[in-house]
Every structure is written in structure tokens, then in C-alpha cells.
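Please look over the model shown here before reading on.

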Amino acid sequence: MINVKDLTKYYGNFAAVQGINFNVGRGHIYGFVGPNGAGKTTTLRMLATLLAPTAGEIIIGGVNAYGNPLHTRKLIGYMPDFFGVYNDLKVNEYLEFYGEASGGILEDLRRDIPSLLELVGLTAKRQDYVNNLSRGMKQRLCLARALIHRPEVLLLDEPASGLDPRARVELRNILKELQAMGKTIIISSHILAELSQVCTHVGIINNGLLALSAPVSEVLARVEGDAVISITMADRQEEARLWLLEQQGIREVTLVNTGSLEAVYSGDRLAQAGLLRELASRFTLFEFTPSKGNLEQLFMEITEVAKDAETKN
Amino acid sequence: MQKPRINPLLAKELRIRMRNWRTFGMISLYLLGLGGLAVLVFLSNSYMLSSGFNSMAQVGSTLFAFLAVAQILIVIYLVPALAGNAISGEKERQTIDLLTCTQLTPFQIVTGKLTATLSTVILFIVASLPLYGFVFLLGGVSPKEVLLLYLIILVVALLVGCWSLMFSAFFRRTVAAIIASYALLILMLGGSTILFTLLTTITTLNQGTTPFFLIMAFNPLTILGWLFPDFVRDIIISINYNWFRGGFQIWHLALLVQGALAALSLWLATRAINPLKMGKRKG
């Protein structure tokens, strides 16, 4: 659905994006990860036809985005990281305006808006002025706006920033629903744990270079070798620690203050399941939790390598 | 057959403007100012009327001339305030990207904003109609002249609106856009008049009539020559200086020059808000 070839953007002599390549298939959720200033927003703005690339090509739905921006804008729904709203409009008027501006017919829009508001959980706010909405609600309204013309592709730049945990969970659920509707989504975020829960693919960008672009399962398999497993048991922690140290794949086991054990483990999920079975047959287990920061770990490694190289230069 | 569509931006702008107390505040002030002027002019002429020096129709036409100039000056200074924030306001509010991402072309965005400004000016014109009813009571003015005045006001509003929109598209801050618009207007209104007066005074002392009156083609008030041709010609064009032939007059030239500037401004504004025109591609 989206093909990005050698995409480059220079601001004067500064290279914000340097020849990146990636593809996103129809119905995929592509997580775009990177530290501040890595080039995420620049890339998304180029995909949204809001910024002309210095070089390279973006093909969306078989069409060259730069060559035919109006057609591309029909295919995409864009939600920027910072956005404003028209405070003097009501929620439904706001959506009607963007719907009409995106080529929609008012009668059709009035029919579609209730289901859209239901999707983003704003049905009750339909007649409220936008000014009276909370930050999270405005975020959801902006998502509804991005969807008003039924785009096939959604470009979401940090959609979860500034949201409370509950709103984040709600956003995640909306994204899953959108994926089920067949939408192709590119989402940039700093919250890696969340991305690994909703994304099918992930791209890590640093200093304008795409360090990695692969399916999430593949990325997780790459880092799962060194998972940290947190184990909580009823008693006999020291005995369990010694037993664990004898097992294949366990490199280190620490007894932490809370009385739990933390084991550094190399092995795939199947081997992990075997270890859990063996452990449960010998000890009374309360908890067995492999660490969820794997993607974060990989991200830190990649950005750390780049930082070191930068320092050496 | 597809139904003709109103530019959604125009509909949105009008809806927001009509919900804003500022529009009604401005209309009230405008009517108070214009009405106050009408009363003053009438009172100052009523003495002449009672002394028998003036007829009712003469008072009516004097009042009309005063109202015409005042209304045009008010509109000239009102339009930058209305159009100055049209695009810079979208930038400040961080809504310009969302607008650009729609199916509206940069030209439709600019013209949507321009028509919204002109619609407000039409509202001001309609609101001032009762004042002209008073002029009709006195006589000396035909409905055709009033309609022509309204057309001139709209044309001048369109021209000033185009210039102001260009600054609004160029600047990120509304204040800067409005200051630049007023600076240009002061230059075109005051600057052209001062320059014309100085150059004409200096040169006519030695050489008789000179072509410096052409500077007045940049002055928006010159377009009033459409309504008061003799008056404008007498003021601007030096005695018997016969530059124009076949009915072509200075206000025709003013319309052409200022119209060309407005078209250029519109094109520049369209270009300034097109994000894809800003980048340079290497290959």
C-alpha cells in the first residue's frame, strides 16, 4: 500500500531524513519509532504531502504522492502531533466542515458522522462546542476528522502523547478496530511497549536513517534471546535460584528485595514455556512474567550505537 | 447533474464570524461612526439651507459625497483587520496543515478566505442602507449612484482583501500581517498623494503640466472617479493635460494597476500556502 524509496529531506545543509526505504502492506500497522529529532515527523509530513522531499519517491496506493497530491490526500487521513481546532464550532459541525472540504457530500456526512463518533467514543459530545472538550477528547475528535473521508491509510504522529493511561488504552482499542476495518496505519510513538502491542511492523529511525524495518514478531524474536523473567513464589526462593542457575539458557538469577527472582534468560517462547512447566512442578508459583521491554531494549541498543559513533566522530 | 457547492471554507468562516461578538461590535462602531458623520454633515449644511444658499438636493448630494468617501476609507481600513488573520490565524491555531490535507486546493483556500471577507463587507454595506435612505429623503442622489458606490466599495474591498491575504499567507503572526497590510495601505493612500503633490508642485513651476499624476493610479481612492469623474479629474489631472483619449480616465488606469497588483497578490498567497511549492528536489 505504501512504498517509500530513498526518501531524503534536507533543511539547508541539515539532513533530516537520509534515503530511507520501507514498505507497508495493506491492513498493516507500522510503528515508527525514534528519539526526538530523529526524522519521524518529517517523514510523516512528507507522506501526508505536506512537505516536498528533497529526493526519493513515495508511492501510496500505486500513486506517486508528490506527483498527484490531491489524489493522495483522498487516500490518507493525517493526524499531526500538534494540531489546533476551531473552538467556535460544534463537534458535528467540525466534522461536517472537514468532510465537505475533503470532497464529501453533506447528506452522506450527516449519515456517517454518528458511527464515526461512536467509534471514537464522542457520541454524547456531538452538540458540544469543540472548546469544551478535554485534551483526550480533542485527540479523538482529530482522529475522527482524519477518518471522515474514509481514507485507506492513516498517518498518526504521536497520537498518544499527552493522553492519560485510560485514554491510551481506548486509543489502542480504536486502532485495533481500524485495523479490523482494513485500514493501513503508520503510527509514530515514543511508547514502545504500546507499539509492540498494536503494531504488525516496526521501523526504528535515528538521525534520519532507518536503522531497522521489520515485522514486530521478527524484531521480538531477535531480542527475546535476552528476556528478563520476573518470578514470584510462595517460599524457597534461594532453592529456586540455585535450581534455575542449573537450567539451560539461564545466565543469571538475582533475588530482589521484594522476595522475587529475576532471571536473565536466552531462549525462544517454547523453551520459556518448558521452563515454566518445570518450575511450577517443583515450587509454588504466584507469578512468572517475561519482561515486556524487549522492543525498548532493542531501541536503546540501536540509538546507543548511533550515539557512540557520533561521540567518536 | 451535480448540485453547485459552496466553498466549505466560506460556510465555516461565516458560521464562526457570526458567532463572534467582534463582528457585531465592529458593525455597531461602523454604523455609529458613519451615522455620526452623516448628522454632522447635515447639521453643518442645514445653516446654508435655512439661509437659502443651498437646496435640499445640494445638501443631499454633499452628504452622499461625504458618506461615500468615509465609507470607502472605513472599508479600506477594515478589510486588513478582517483578512489579515485569515491565513496567519490558521497557522497560529495550527490548523493550516489539516486544511491543506483536504481536497481544497491552495487557490480554493485563498478564495474561500477572500469571499468570507467580502461577505462581511457586504454585511456592513447592507447595514448602512438606512443611512442612504436619509440621503434619498433629501434628494440630489439617484439609486443608480448608490448602487455604483456599493459596487466601488466591493471592488476596493476585493483589492485590499487580496493584498492583505498575501501578507497573511506570508507571515506566521497575524499582528505582523496586519501591520504589513496597513503599511502598504498608508503607502498607497498617503504616500502616493504626498509624492504626487510634491512632484507636481515642483515640476509644474518650471515645465507646466507633468505626467506625475500617474502615481495616483496606485491610490485606492482614485477609483472613486468611477462615481465622481469630474471631481477626481479636477483634483488629480493638471489643467488641460490631455493624456487620456476616448473616454479613458485615471480611475480606469487605477483599476487596471491595482487589479494587476491584487491578482499578483492572490497568486503569491496561493503559492505561499502550497507546501509542495516550497521544497527543492534534487532528483
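1. Start with confidence. This is a predicted model. The predictor gives the complex an ipTM of 0.82 and a pTM of 0.80. For chain B, the mean pLDDT is 84. In that chain, 87% of the residues reach 70 or more.

2. One stretch of chain B needs care. Over residues 279–283 of chain B, the pLDDT is below 50. The stretch still has 12 contacts in the model beyond near neighbours in sequence. Where pLDDT is low, predicted coordinates should not be read in detail.

3. Next, the interface. How many residues of chain B are in contact with chain A? The count is 25 residues of chain B, facing 28 residues of chain A. On the chain B side, two elements give two or more residues each: helix H1 (8–18) and helix H5 (96–100). H1(B) has the largest share, with 5 residues. By type, the chain B side divides into 9 nonpolar, 8 polar and 8 charged residues.

4. Now look at helix H7 of chain B, residues 129–138. Which of its residues are buried? They are Tyr132(B), Val135(B) and Leu138(B). Seen down the axis of H7(B), these buried residues fall within an arc of 100 degrees, so they line one face of the helix. An α-helix has 3.6 residues a turn, so residues three or four places apart point the same way.

5. The two sides of H7(B) can be traced separately. Its buried residues pack against helix H3 (56–83) and helix H8 (143–170) of chain B. On the other side, Leu129(B), Pro130(B), Gly133(B) and Leu137(B) are exposed. Just after the helix, Gly139(B) takes a positive phi of about 90 degrees.

6. The largest nonpolar core has 129 residues. Those with the most contacts inside this core are Ala144(A), Leu155(A), Val156(B) and Leu165(B). Which helix gives the most to this core? H8(B) does, with 13 residues.

7. Leaving out residues up to four places away in sequence, Ala144(A) touches Leu95(A), Leu116(A), Leu117(A), Val120(A) and Leu122(A).

8. Another core, of 10 residues, lies apart from the largest one. Among its members are Ala240(A), Val253(A), Ala263(A) and Tyr265(A). In soluble globular proteins, nonpolar side chains tend to be buried together.

Conventions:
Residues are numbered from 1 along each chain as its sequence is written. Chains are lettered from A and ligands numbered from 1 in the order in which they are written. This is a predicted model: local features need pLDDT of at least 70, side-chain atom pairs count only at pLDDT 80 or more; totals for chains, interfaces and linings use all residues. Two residues are in contact if their C-beta atoms, placed from the backbone, lie within 7 Å. Helices (H or I, at least four residues) and strands (E, at least two) are DSSP runs, numbered from the N terminus. Ala, Val, Leu, Ile, Met, Phe, Trp, Tyr, Cys and Pro count as nonpolar, Asp, Glu, Lys and Arg as charged, and the others, Gly among them, as polar. pLDDT is the predictor's confidence in each residue, from 0 to 100. A residue is buried if 20 or more other C-beta atoms lie within 10 Å of its own, exposed if 12 or fewer, and partly exposed in between; C-beta atoms are placed from the backbone. The arc is that of the directions from the helix axis to the C-beta atoms. A nonpolar core is a set of buried Ala, Val, Leu, Ile, Met, Phe, Trp, Tyr and Cys residues joined through C-beta atoms within 7 Å.
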